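Subject: Structure for you to look at, with notes

Dear colleague,

I am passing on the structure that we talked about, together with my notes on it. Please open it beside this message and read the two together.

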Amino acid sequence: MTAAELVVEGVTLTAGARRLVRDVSLTARPGEVIGLVGPNGSGKSSLLRAVYRVLRPDAGRVRVDGADAWALPVRRLARTLAAVVQEPGAGFDLSVREVVAMGRTPHKRLLDGDTAEDARLIEGALEAVDAAALADRPFDRLSGGERQRVLIARALAQQPSLLVLDEPTNHLDVRHRLEVLGHLRSLPATVLVALHDLNLAAYYCDRLYVLRDGAVTASGPPAEVLTPALLADVYGVAAEVAVHPRTGAPQVTFLPPEAAGTAGAGPAPGA
């Protein structure tokens, strides 16, 4: 597995009269973890769909290692790019192991069976997301968090050079959020991930792109992007941003309206 370069050049997406994404450009250099953040409806999922070839851009291009992703043969792109989406569709009448084995399909010819190497990669992917104990269970009987981990394992078994994930920590408990993102951080692959949790994004991502109303409003390292002024502008709420003393990453604390008005005030009289 060799990390790929992703370049999005001036992508615009529309749905009827509605513009979903407006002239968005971004770059993910080989091996980087790039985070997409922004409020609901800001265009994160739509942009990812353009990258993994579900929504064709009305303008602009998506390039993977210099090649137009929309011009590549499907099989070739599938050997390079894996996606974990928010809504995977109908339930699978398959075991967990069989679902994860689907990740090996792009690397096989028609009627090829699983090899010892396939088995090794499948087991390794299951272990990476703490799902080895689920291997023989029916996929459609899992909890939401368990399904999410299995779908991430399927993407890992694909051994992509570029991994695209839309809210992969949805439904996961705290431990598995940290374990999954930590594993993604360690992969020899390029990762583009949409996240709602800004503290996870700040810790695990090399750079962030902040989307609002379908356009990039800021980009750069988390420490430069996640400022109280930007968070107030984009999310419409007051926030405090500090450097975590142990991780060195920005730590965002959103303030409820009743607390925001007293931020920075001294102690109450008589305290």
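Below are the notes, which begin with the protein as a whole and then turn to its parts.

This is a predicted model, in which local features need pLDDT of at least 70 and side-chain atom pairs count only at pLDDT 80 or more, while totals for chains, interfaces and linings use all residues. Residues are numbered from 1 along each chain as its sequence is written, and side-chain values use heavy atoms, with hydrogens and water left out.

The overall picture

The protein has ten helices and twelve strands; these are DSSP runs, numbered from the N terminus, with helices being H or I of at least four residues and strands being E of at least two. Its radius of gyration is 20 Å, close to the 18 Å that the globule rule gives for 271 residues, so the protein is as compact as a globular protein of that length; the radius is taken over C-alpha atoms, and the rule is 2.2 Å times the number of residues to the power 0.38. The C-alpha trace spans about 75 × 45 × 30 Å along its principal axes. The accessible surface comes to about 13,200 Å², of which 50% belongs to carbon and sulfur atoms (Shrake-Rupley method, 1.4 Å probe; for residues, only the protein chains shown count as cover). Of the 271 residues, 47% count as buried, where buried means under 20% relative accessible area, exposed means over 50%, and partly exposed lies in between (1.4 Å probe, protein chains only). Among the contacts with a separation of 6 or more, 63% come from residues 24 or more positions apart, a contact being heavy atoms within 4.5 Å.

The open sheet

Six strands form an open sheet of mixed pairing, in the order β6-β7-β8-β3-β9-β10; two strands pair if DSSP finds at least two bridges between them. The edges are β6 (81–84) and β10 (215–220), each of which pairs on one side only, and the twist averages 15° from one strand to the next. Angles here run from 0 to 180 degrees between N-to-C directions, with axes fitted as lines to C-alpha atoms, for helices over the stretch in contact.

Strand β8 is paired in the parallel sense with β7 over five bridges and with β3 over four bridges. L165 stands opposite V193 in β8, and V33 stands opposite V191 in β8. In a regular strand the side chains alternate between the two faces of the sheet. Both faces of β8 are covered, with T190, L192 and A194 buried on one side and V191 and V193 buried on the other.

Helix α5 (residues 144–157) has 14 residues and reaches 20 Å from its first C-alpha to its last, close to the 20 Å expected at 1.5 Å a residue (the expected span being 1.5 Å times one less than the number of residues). The helix is mostly covered, twelve of its 14 residues being buried, and these buried residues pack against β6, α3 (96–101), α4 (116–128), β7 and α6. After α5 comes Q159, whose phi is positive, near 55°.

T169 is found in the loop between β7 and α6 (174–186) and, at 6% relative accessibility, counts as buried. Leaving aside neighbours within four places in sequence, T169 is in contact with Q148, R177, L181, L195 and L200; Q148 is one of the buried residues of α5.

Two aspartates with positive phi

D23 lies in strand β2 (residues 18–28) and has a phi near 50°, a positive value in a residue other than glycine. D213, in the loop between β9 and β10, has a positive phi of about 55° although it is not a glycine. D23 counts as exposed at 57% relative accessibility, and D213 counts as exposed at 57%.

With best wishes
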